Amino acid sequence: MGYAQKGMGKATVLIVDDVEINRVLLGEIIKNMGCDFMLAKSGEEALLKLRERLPMLVLTDISMPGIDGYELCRILKDDERTRNIPIIFISAFDETQNIVEGFSIGGEDYKTLYPGGG
């Protein structure tokens, strides 16, 4: 079962962030791009959502209680069913070590919000 089959409707993006305003804003951006989206406030909730529907893309924060964005990425890349879903980290962390970590575990991209931590 592929997650990017033609004729299955709009592309779906899973947005994972423990900060509600971030989820809402990213959801609006994704909706305005003509895509569907699912929201999860934690890595654990994201894993539950992935059981229901496989997205074409995951946007995830790094710093979250419980399963953080890095661990979520590791779990998804270790699972045959989800390993080919691109993951983009969206974070306030802009230190090189954070960016390198994101790419080293299989992230497709790393976007920094609020460069400089502000």
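Tutor: A residue counts as buried when its relative accessible area is under 20%. The model discussed here is predicted.

Student: What makes strand E1 largely enclosed by the rest of the structure?

Tutor: The strand covers residues 12-16, and five of the five residues are buried, so E1 is largely enclosed. Thr-12, Leu-14 and Val-16 point one way, while Val-13 and Ile-15 point the other way. In a regular strand, side chains alternate between the two faces of the sheet.

Student: How do you know that E1 and strand E2 pair?

Tutor: Pairing requires at least two bridges. E1 and E2, the latter being residues 36-40, have five bridges, in the parallel sense, so by that cut-off they pair. Within this pairing, Leu-14 stands opposite Met-38.

Student: In which sense do E1 and strand E3 pair, and over how many bridges?

Tutor: The sense is parallel, and there are four bridges to E3 (residues 57-60). Val-13 is opposite Leu-57, and Leu-14 has Val-58 as its bridge partner in E3. E3 is covered on both faces: Leu-57 and Leu-59 are buried on one side, Val-58 and Thr-60 on the other.

Student: Why is the contact of Lys-31 with Glu-28 called a salt bridge?

Tutor: The cut-off is 4 Å between a side-chain nitrogen of Lys or Arg and a carboxyl oxygen of Asp or Glu. The closest N and O atoms of Lys-31 and Glu-28 are 3.4 Å apart, so the pair qualifies. These residues are three apart in helix H1, which means about one helical turn separates them.

Student: What makes Lys-31 partly exposed?

Tutor: Partly exposed lies between the buried limit of 20% and the exposed limit of 50%. Lys-31 has 44% relative accessibility, so it counts as partly exposed.

Student: Which parts does the pair Asp-36 and Arg-53 tie together?

Tutor: Asp-36 and Arg-53 form a salt bridge with closest N and O atoms 3.7 Å apart. Asp-36 lies in E2 and Arg-53 in the loop between helix H2 (43-52) and E3, so the pair ties together parts 17 residues apart in sequence.

Notes
Residues numbered from 1 in each chain as written. Predicted model: local features only at pLDDT ≥ 70, side-chain atom pairs only at ≥ 80, totals over all residues. Heavy atoms only, no water. Buried < 20%, exposed > 50% of the residue type's maximum accessible area, 1.4 Å probe, protein only. Helix = DSSP H or I, 4+ residues; strand = E, 2+ residues; numbered from the N terminus.
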